[in-house]
Amino acid sequence: MSGNLAFISYAREDENWAEWLQHKLETYKFPKSVRKSNPSLPKRLGHIFRDTTDLAGGVLDEVIPNALRSSRYLIVICSPNAVTSPW
């Protein structure tokens, strides 16, 4: 697996928010003026890891830590649901 820009952690009850955030980040385009002054920037941010879109089997105890290690950023969706999650 190549590196991810970010890993989204969330409570299962907040899946709609996680899906929305993943879509917004993965489809975000830098403004042309920003890219013009920073030519090394990519057109888009990059891949955002989310369990329901990126887990294709395997041992979760290995896949999740590997995805975390290969991600540059960790995004945690904080909510009342997350407070009560055992994870």
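F7 is buried, at a relative accessible area of 7%. The model is predicted. F49 also counts as buried, at 1% relative accessibility.

Three aromatic pairs turn up in a search of the whole structure. One of them is F7 with F49, a stacked pair. The ring centres lie 4.9 Å apart, with 10° between the planes. This pair links distant parts of the chain. F7 sits in strand β1 and F49 in strand β2, 42 residues apart.

## A tryptophan pair on α1

W17 and W20 form another aromatic pair, this one edge-to-face. Why are W17 and W20 separated by about one helical turn? Because they are three residues apart in helix α1. An α-helix has 3.6 residues a turn, so residues three or four places apart point the same way.

Buried or exposed? W17 is exposed, with a relative accessible area of 55%. W20 is partly exposed at 45%, because exposed requires over 50%.

## The buried side of α1

Helix α1 has 13 residues. From first C-alpha to last it reaches 18 Å, close to the 18 Å expected at 1.5 Å a residue. Which residues of α1 are buried? They are A18, L21 and Q22. These residues cover an arc of only 100° around the axis, which puts them on the same side of α1.

The buried residues of α1 pack against several elements. Strands β1, β2 (48-49) and β3 (71-76) are among them, and so is helix α3 (51-54).

## The three-stranded sheet

The sheet is open and has three strands, in the order β2-β1-β3. Pairing is parallel. β2 and β3 stand at the edges, each with a single partner strand. One side of each is therefore left without a neighbour in the sheet.

β1 and β2 run parallel and are joined by two bridges. A6 has I48 in β2 as its bridge partner. Strands of a sheet pair through backbone hydrogen bonds, either parallel or antiparallel.

## The nonpolar core

How many residues does the largest nonpolar core have? Seven: A6, I8, Y10, A18, L21, I48 and I77. The elements that give two or more residues to this core are β1 (4-9) and α1 (15-27). A6 and I48, the bridge partners, are both members of the core.

I8 shows how these parts meet. Not counting residues up to four places away in sequence, I8 touches A18, L21, Q22, I48, F49, I75 and I77. That list includes A18, L21 and Q22, the buried residues of α1. It also includes F49, the stacking partner of F7. In soluble globular proteins, nonpolar side chains tend to be buried together.

Where does Y28 lie? Y28 is in the loop between α1 and α2 (32-37). Y28 is partly exposed, with a relative accessible area of 38%.

Y28 touches K43, R44 and L45, leaving aside residues up to four places away in sequence. Y28 and S40 are 12 residues apart in sequence. In space they are 16 Å apart, C-alpha to C-alpha.

Key: Residues are numbered from 1 along each chain as its sequence is written. This is a predicted model: local features need pLDDT of at least 70, side-chain atom pairs count only at pLDDT 80 or more; totals for chains, interfaces and linings use all residues. Side-chain values use heavy atoms; hydrogens and water are left out. A nonpolar core is a set of buried Ala, Val, Leu, Ile, Met, Phe, Trp, Tyr and Cys residues joined through side-chain atoms within 4.5 Å. Buried means under 20% relative accessible area, exposed over 50%, partly exposed in between (1.4 Å probe, protein chains only). Helices (H or I, at least four residues) and strands (E, at least two) are DSSP runs, numbered from the N terminus. Contact means heavy atoms within 4.5 Å. The expected span of a helix is 1.5 Å times one less than its number of residues. The arc is that of the directions from the helix axis to the C-beta atoms. Two strands pair if DSSP finds at least two bridges between them. Rings of Phe, Tyr and Trp (its six-membered ring) pair if their centres lie within 6.5 Å; planes under 30 degrees apart count as stacked, over 60 as edge-to-face and the rest as tilted.
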